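Subject: Structure handover

Hello,

Here is the structure I promised to pass on. Please open it first and keep it beside the notes that follow.

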Amino acid sequence: MPVKVGIPRALLYYYYYPLWRTFFEELGAEVVLSSPSTKGVLTEGLKYAVDEVCLPVKLTFGHVLDLAGKVDLIFLPRLISVKKAEYICPKFLGLPDMIRRLAGIPPLIDVNIDRYKSNNDICLAVKEVGRLFTHNHFKIWLAYRRSLKVHRRYFRLLELGLMPAEALAVLKDRVKNEPLPEPEKITVALIGHPYNIHDPYVSMNIIGRLRTLGANVITAECLPEKTAGSYASRLPKKLFWTLGQRMMGAALYYLERPDLSGMIHVAAFGCGPDSMTGELIERRARTMGMPFLSLTLDEHTGEAGVITRLEAFLDMVSWKMAGTVGAIKSSS
Amino acid sequence: MRVTFPHMGNLHISLKAMFQTLGVEVVVPPPCSKRTLSLGSKHGPEFACLPLKLNLGNFIEAYELGADTVVMAGGCGPCRFGYYAQIQQAILKDLGCALQFIVLEPPQRQITELLVKIKQLAGSRSWWKIIQALRFGYRKARLVDEIERVALRSRPREKIPGSTDAAYRQALDLIDCASSWEKLTAAQEKAKEIMDKVAVDFSRQVIKVGVVGEIYTLLEPFSNLYLERHLGGLGVEVHRSIYLSGWVNEHLFHGLAKGMGSGKEARSASYPYLRHFVGGHGQETIGNAVRYARSGYDGIIQVFPFTCMPEIVAESILPDVCKDFGVHYLTFIMDENTGEAGMVTRLEAFTDLLARKKEAKEALSS
C-alpha cells in the first residue's frame, strides 16, 4: 500500500500544490488533500492555536487536524525562504514547532526549505524528503524535475489570469483552456496574500462576488514574478518578505496601469508584513488618486458587512469612471 | 546637522555620549510619554507594532525640538523592524516633517558597511576619533546595564520603599553627565557607591522571576508599563534576559567584544521546542525560558508588543516549556490600549500564586 501523504489546504498550498503533489506521486506516495476550509475546520483550529496568531495560521491548525487519522505523514515544510535573501514570515518559520505540539497528529515532514543563502540549497530539501520514500537518487531527481515542470505550467496558467482554483482544475482535468470571459468595464486589483484571497471561505468568496458585481479581478499572481520584482525594487529598501514583495510590486505595477479602476487590499488581522506593505500601498494609491479599499479579515468578520463595503466600493469606482465624482470635486 | 534617535530604555545615554564625543549636535527626544504614544498611533499604521508607533512619536517630538536627522538601526528581516525606517520616513514625509534618515544596517558581509554610514554621520573626523566615540558609548551602555542589574537585585529587598529607584536615577544621571573617560571612571565609582548605599535586607525571601520577550518592550519601561518596578515592589527579583550592551555587541559589533553572555547559548537551549530561529528574539525567548526553568526560577513572564510575529510563535510554544519544567508563566501583550492597573492586578495574582507554591515546596522539602 502506498504511503499516504497529507497536504493541508492552507498557506502556500496555493503556490506549490501542483509541485508537491507531482513530487510525492512520482515517488509512489498517495497524496491526500485536506477538505476545503469550512467553519468546522476553522473552529477546530481556533481551539488549539493561541489567540494572537493570524487567521491563515489558525486555519492551518484546522487543516492539519482535519488530516489526522486519514494519512501516514503530513507534509508541513518549514518554509524559511523560497528565494535568495528573502524570507516568508516568522510564523512560517515556526509553524512546524507550533503544530508539533498538537496531540494525535501523524508525524510531520518538517523539512527546512531554505534558499536564503543560495537558490541551489533547495536540493538539500528535495533529497531529504525524497529519501523518506526511496533511496534511488535518480528517481528523486526525476521526480523533482517533473514536479518543477508542472509547477512552471501552473504559474503560466496563473499569469494568463486564471485564479489558482481554476488553474488547478485545468491541470487536473487536462482540459483545454476555456476562452477567458469578455473583459468587463471595471478592473479591480485584489492585493493580498494568496492564502487569504484565494480561500473562498476566508475571503468570503471575494473574487466570485466581485465578478458577479461586474468587475474583472486581477491579483498579484497574474503578474510574472520578474515584473513584480522589478517594480518592487523601486522601493528605497528591498522588502525581505517574498510574498510582501510580490504584492508590493504588483500594486505598484497595477497603479500605473491606465485600465485599472480600483484597488482592494486584503489583510488578515494582525498580519505583520501586511501592516507595513499595506501602509505603503495605501499611501501610494492615495497620491495616485486611485480608489482604494482596505479589508481586514479575522474569524469574526461578518459576511454582510464585507458585501456592503464591496458594493459601495464598486459604486464609487463606477461613479468615478462616469466622471460624477470628479465633477462634484471640481464644482466644489 | 542636529541628530536625533529613537528611545529604547537607557539607549539615549550611550548614543548621546557617542555623538557628543564626535562633536555632532544631538537632540534627545523627550522621554516616551502618553503624548509620544498618541502621536505615534495616530499617524502610524494601525497594525504596526508598538515600538514603531513609539519611535514615530519620538521622531515627531524631536522634530518639534529642531532635529533634522534621524539615526536608527536597520535589519534584514524577517522581523518588521528591518523596515521601520522606510515606513517612518514615508509617514514623516507625508506629515511634512523634513527629517533625513541615516539607517545603520547590520553588516551583512563586513563591518565596513556600518562604518561607511558612521563616516557619513561623523563627517571629516578621523577614524580614530570615531572608534573612540563608539567605545565610549559602548562603555556607558555597559555601565548603565550594570546599574540596572544592581537595581533589579536590590529593589525587592530594599528597606525603604522607593530608595532603589531614587539611587538608580541618581546613578544614571552621573553616568549620563560624564563627558570624558576620566570623568566616566569617577562617575562609575560614585554610581557604584550610591547603588551600594541602598539599604537592603538580604535575609528576606524573594521570588525569582525571569523576564523574556521582545527587546524593545523589555528595555523601554514606558512600553512595558514599568513592569520591573512593579514586580520589584511586590518583592520579586527580576532577571531580564536581554540587555542593551549585549544586543549591540551581537548585532552591531558581530560579537567583537568577548566575554559577554551571547544569544548563542539561549538559542541552543531552545531545542527541541523551537528548532529554528524565527526572527527577532523568538528563539531566545524560548531558550531563555528553558534556562530560567532549569536554574530554578519560580516564574517566567513574557512581554511583547501586540502583533509581534516572532514572539507569537514563542507564545504558542512557551506553555509546553513551562509544563515540562513545572514553572508558571504569564504573558503580557503591550499595545496603546494597555492599562497599568489591569497589569498590576495580574502581577499581584501571579506573585501570590508563586509565593504559595514556593512555600508549599519548601514545607515539603524541610
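Helix 11 (residues 242–255) of chain A packs with helix 12 (residues 272–288) of chain A at an angle of about 5 degrees, and their axes are 10 Å apart. Axes here are lines fitted to C-alpha atoms, for helices over the stretch in contact, and angles run from 0 to 180 degrees between N-to-C directions. Helix 11 and helix 12 of chain A are therefore roughly parallel to each other (angles under 35 degrees count as roughly parallel, over 145 as roughly antiparallel, 65 to 115 as roughly perpendicular and the rest as oblique). Helices (H or I, at least four residues) and strands (E, at least two) are DSSP runs, numbered from the N terminus.

This is a predicted model, in which local features need pLDDT of at least 70 and side-chain atom pairs count only at pLDDT 80 or more, while totals for chains, interfaces and linings use all residues. Residues are numbered from 1 along each chain as its sequence is written, and chains are lettered from A and ligands numbered from 1 in the order in which they are written.

Which residues meet between helix 11 and helix 12 of chain A? On helix 11 of chain A they include A:Met247, A:Ala251 and A:Leu255, and on helix 12 of chain A they include A:Leu280, A:Ile281 and A:Met288. Two residues are in contact if their C-beta atoms, placed from the backbone, lie within 7 Å. By class, this contact has ten nonpolar, two polar and one charged residues (Ala, Val, Leu, Ile, Met, Phe, Trp, Tyr, Cys and Pro count as nonpolar, Asp, Glu, Lys and Arg as charged, and the others, Gly among them, as polar).

Next, the domains. Chain A is assigned domain 1 (4–167) and domain 2 (183–331); domain bounds come from an automatic or database domain assignment. The centres of these two domains of chain A, taken over C-alpha atoms, are separated by 27 Å. Their contact takes 26 residues from domain 1 of chain A and 27 residues from domain 2 of chain A. On the domain 1 side in chain A, helix 3 gives the most, with four residues. That side of domain 1 of chain A has 18 nonpolar, three polar and five charged residues.

Chain B is divided into domain 1 (2–125), domain 2 (136–203) and domain 3 (206–366). Between the centres of domain 1 and domain 3 of chain B, taken over C-alpha atoms, there are 26 Å. Domain 1 of chain B puts 21 residues into the contact, and domain 3 of chain B puts in 22 residues.

Chain B also has an open sheet of four strands in the order 6-5-7-8, with parallel pairing (two strands pair if DSSP finds at least two bridges between them). Its edge strands are strand 6 (236–240) and strand 8 (328–334) of chain B. From one strand to the next, the twist averages 25 degrees. Strand 5 (residues 207–213) of chain B is joined to strand 6 of chain B by five bridges, and B:Val211 has B:Arg240 in strand 6 of chain B as its bridge partner. Helix 14 of chain B lies across strand 5, strand 7 (299–305) and strand 8 of chain B, at about 170 degrees to strand 7 of chain B.

Last, the two chains together. In the contact between them, 32 residues of chain B touch 30 residues of chain A. Helix 14 of chain B supplies the largest share of the chain B side, eight residues.

Regards
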